[in-house]
Amino acid sequence: MIENIEKFKGVFVAFYACYDDDGNVSEGKIKKLANWYVEKGVNGLYLTGSSGEGMMLTKEERMQTVSAVMEAVGGKTTVIAHVGAPSTKESCELAAQAVAAGVDAISSVPNIYYPLPENCIEAYWDAMIDAARIPFFIYNIPSTTGYNISMSLFEKMIKKPYVAGIKTTSPNSSLISRMKRAGGENTLIFNGEDAQLLAGLSMGATGGIGGTYGAMPELYVNIYRAFCEGDMEKALLWQNRADTALMHGRVSWSPGVASMKAILNARGMDCGGVRAPFKYVPADEPVIREAADMIEGWLKEGY
């Protein structure tokens, strides 16, 4: 049984990697951004995952990011560190460092690149859980890993000590309700499809973790709060606004995270560029500026 499950509910920003002008990880920008998110009312931060360019950072840079965030906002908000890495050894080292830094939980994708059977994936997760011995969240994102967790493995994992739940990034929202039924009422499920946060909450998700949250956290906080208040009309309005900004602000020549970081930069919060082979998107790109202006306009307009 995971203690204090309430701290793992709500809107968790998938924290962006922050770089200086030379492309090195910037602790100053990390701390500034972490505090900005806390001020915006998010419920937590999810570090060094997909939107955090975790697989493009070195092990040392990932540790540096975790330490900087904890120095800035440790104790002020809930922090989950993604510790998945190519090898079990590296994942366990990241898990141990995250615990030493004081994070509230760890999380991981299945192993990457090699298509391994589920007994290998289970052993991979078990090793990092044992290295950390704090709440663990499975991260299911088949679009990047090529693996979609089976219900049989989910049911097996969710019964293990320290396994608190899952972040599932799938357009199939009904998967959330199936996982909730399989795991029981206290199973924590993070919706990972940003454009479907409201749908995920309606299907039983206890919160959401998203990369586009980082560019416009206020919109997703408003979705979650309206849903919790039972105001579906208001929740749908903010979901539609978030989806509009998401679609309008994306450029075709770089991954979505580059566009979202550009929108954040256009809103006045500079977190730097992206790491190659991602392509940098400037904040003055017309669609980026327009998306940023949309967001600011909606926040002034309110409901």
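## Packing of helix 1 and helix 2

In this predicted model, helix 1 and helix 2 cross in a right-handed manner. Helix 1 spans residues 27–39 and helix 2 spans residues 59–73; their axes lie 9 Å apart and form an angle of about 50°. Because of that angle, helix 1 is oblique to helix 2.

On the side of helix 1, the residues that meet helix 2 are Glu27, Ile30, Lys31, Ala34, Asn35 and Val38. Their partners in helix 2 are Gln64, Thr65, Ala68, Val69, Glu71, Ala72 and Val73. By class, the residues of this contact between helix 1 and helix 2 comprise seven nonpolar, three polar and three charged.

## Packing of helix 9 and helix 10

A second pair is formed by helix 9 (residues 217–228) and helix 10 (residues 232–248), whose axes come within 8 Å and cross at roughly 160°. Helix 9 is therefore roughly antiparallel to helix 10. The crossing of helix 9 with helix 10 is left-handed.

Helix 9 contributes Leu219, Tyr220, Asn222, Ile223, Ala226 and Phe227 to the contact. From helix 10 come Met232, Lys234, Ala235, Trp238, Gln239, Arg241, Ala242 and Leu246. The residues of the contact of helix 9 with helix 10 are divided into 10 nonpolar, two polar and two charged.

## The largest pocket

The volume of the largest pocket is about 820 Å³. It is lined by 36 residues, of which Ser50, Ser51, Tyr139, Ile141 and Thr144 are the closest to its centre. Helix 5 (142–145), strand 8 (207–210) and helix 11 (256–266) are the elements that each supply two or more residues to the lining.

In the lining of the largest pocket, 16 residues are nonpolar, 15 are polar and five are charged.

Most residues other than glycine have a negative phi, and most peptide bonds are trans. Two places in this model depart from these patterns, one for each.

Thr48 is not a glycine, yet its phi is positive, at about 50°. Thr48 belongs to the loop between strand 2 (44–47) and helix 2. The other place is the peptide bond that joins Ala276 and Pro277, which is cis, with an omega of about 15°. Pro277 is located in the loop between helix 11 and helix 12 (286–301).

Methods. Residues are numbered from 1 along each chain as its sequence is written. This is a predicted model: local features need pLDDT of at least 70, side-chain atom pairs count only at pLDDT 80 or more; totals for chains, interfaces and linings use all residues. Side-chain values use heavy atoms; hydrogens and water are left out. Axes are lines fitted to C-alpha atoms, for helices over the stretch in contact, and angles run from 0 to 180 degrees between N-to-C directions. Helices (H or I, at least four residues) and strands (E, at least two) are DSSP runs, numbered from the N terminus. Angles under 35 degrees count as roughly parallel, over 145 as roughly antiparallel, 65 to 115 as roughly perpendicular and the rest as oblique. A crossing is left-handed if the near helix is turned anticlockwise from the far one by less than a right angle, and right-handed if clockwise. Contact means heavy atoms within 4.5 Å. Ala, Val, Leu, Ile, Met, Phe, Trp, Tyr, Cys and Pro count as nonpolar, Asp, Glu, Lys and Arg as charged, and the others, Gly among them, as polar. On a 1 Å grid over the protein atoms alone, a cavity is a set of points where a 1.4 Å probe fits but cannot get out, and a pocket is an open set with protein on both sides within 12 Å along at least five of seven lines; lining residues have an atom within 4 Å of a point. Grid points are joined across faces, edges and corners, and a volume is the space filled by probe spheres set on the points.
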